[in-house]
Amino acid sequence: MNFALFAIALPLLAAALLGLLGAPRQGAVANAVASLALFGLTLAVFWGHSEGLVAVDPLAALFGTVTGFVGLTAALVNVGYVSTDVARMPARRWRLYHALFQIVLGASLLGLYANNVGLLWAAMEGGTIAMTLAVSLYRTPTGLEAAWKYFILGGVGIGLALFGTMLVYLAAQPALGPGFAAMSFTALSTHAAHMDGALLTLAFLFILFGYGTKAALVPLHGWLPDAYAEGPAPLTTALSGLLINVALLAILRFRHLMVANAAAGGSAMPPGPFLLSLGLASLFLAAFSFSRRRDARRFFGFSSIEQSGISAFAFGIGGPTAIFGGLLHMLLHTLLKSGLFLALIRAAGLRGSVTPGNYGFSHLRGLLRANKYIGWLLAGCIFALSGLPPSGLFVSEFIIISQTIQKNPYMSMPLGLGLLLCAVAILRNIGPLLFASSPHEKLKPAGRGAWLVVAHLALVFLLAFAMPTPLVHMLSQEAEALR
């Protein structure tokens, strides 16, 4: 049975139904039920059969399950979020919010499961439109500004990706001729050696900058911090990272076509220098941007730029082990960053409001003394995000650095310096706030949603230090196939 099709269809059907439910809390509960069913379907994809336009390989199935898990935890936190902030928007806008929540999940899964370059592009376009509407839901001046920035930069990126997609189709004509075969990732990978290498190189440049926009790689990264900071937090922060994964995996798959063509004697250029350049640029931009941020969600938006840059750098180094490290880094970062934002939502809820204005650095001051449970959870997430041992991200970064030393030692120095600068900036800016004196205000109880943060943190450390053997084999095989 093709469970992948059901997994794609369920959130889109749920979005239509959620748009009809009247009460905001009723919609939030229905949203959580739909997300639970979706998580079950993403697990079933591992044992299903798929072919044609939707043909799921193990890598897509793995990240699809991560998408379902993040969607479920965000939807559960969303129930309390809506109850706390119900007065901020009219009921019809809450209905739109719940529908957009499911549309983002559906677009992410479609992008992961698509075995067609055109269908991948359509999924990214759908996700872009949904996130644009989500960012502007509160209708504040800063929210509308962020939505326009997202729409303009996202539109530029998706336009570049469309042109690159058309060039890939043209590059495949000598090998596959006209028709759907020339748009299938499976067929393209099999016949990459016979594609037009020069045209494929040009296509990759457009795709790299197009989907690189969605992955928040420099230079078209400017939408992400503003998009994170505005709009309802469970949607704009916890779920937007899922679209980043889709974009990075798309870049990795197109990179594989370039490498396969060059290895077979084709005229395609090595993609490594392009990916290394954008990866390092993203890493250093984030490192020097942390100190000027005073909004927590915007601050951690720059952290997402950093993490995308690290994965892109790993793909630029190339080879099975470096790609394994890059994929593991994406996996760990998705789980960790989603957990961190869920912790931020809980921290904001302690003060009785989860609106964008309650995510400033001042609202984190003294959190460890005021509420040890949420404070230590947030501190654990922030320390893990720094990448210092024994953080989960340390494992993936160690793999990437060691491969860099072996394959391109001259790039290891800027990589190590960039990682160190980012780690110091994160700990220097956030650490003193958490350990500051307790605020005079009385905080509300932590509530029941904090255990979801624990689940995210537990998975991060499990996957880093005790990864199940089947998962290691799966990631290794996929990294070998995409080397």
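A polar contact is a pair of N or O atoms within 3.5 Å; within protein, one atom must be able to donate a hydrogen and the other to accept it. In this predicted model, the side chain of glutamate 480 makes such a contact with the side chain of arginine 483, at 2.6 Å. Glutamate 480 belongs to helix H20, which covers residues 469-481. With a relative accessibility of 38%, glutamate 480 counts as partly exposed.

**The nonpolar core**

The largest nonpolar core has 170 residues. Tyr113, Tyr211, Phe254, Phe300 and Leu327 have the most contacts inside this core. For phenylalanine 300, leaving aside residues up to four places away in sequence, the residues touched are Tyr228, Lys337, Leu340, Phe341, Leu344, Ile382, Leu385 and Ile430.

**Cysteines**

A disulfide is a covalent bond between the sulfur atoms of two cysteines. The count of disulfides in the model comes to 0. Cysteine 381 is in no disulfide, and the nearest cysteine sulfur, in cysteine 422, is 18 Å away.

**Backbone features in loops**

Most residues other than glycine have a negative phi, and most peptide bonds are trans. The table lists backbone sites of the other kinds.

| Site | Feature | Value |
|---|---|---|
| Valine 218 and proline 219 | cis peptide bond | omega about 15° |
| Proline 389 and proline 390 | cis peptide bond | omega about 5° |
| Arginine 139 | positive phi | near 60° |
| Alanine 216 | positive phi | near 65° |

Proline 219 lies in the loop between helix H9 (197-214) and helix H10 (223-229). Alanine 216 is also placed in the loop between H9 and H10. At 0% relative accessibility, alanine 216 counts as buried.

Proline 390 is found in the loop between helix H16 (372-386) and helix H17 (392-407). Arginine 139 occupies the loop between helix H5 (117-135) and helix H6 (141-171). Is arginine 139 buried or partly exposed? Its relative accessibility is 41%, so arginine 139 counts as partly exposed.

Note on methods: Residues numbered from 1 in each chain as written. Predicted model: local features only at pLDDT ≥ 70, side-chain atom pairs only at ≥ 80, totals over all residues. Heavy atoms only, no water. Core = buried A, V, L, I, M, F, W, Y, C linked by side-chain atoms within 4.5 Å. Buried < 20%, exposed > 50% of the residue type's maximum accessible area, 1.4 Å probe, protein only. Contact = heavy atoms within 4.5 Å. Disulfide = S-S within 2.5 Å. Helix = DSSP H or I, 4+ residues; strand = E, 2+ residues; numbered from the N terminus.
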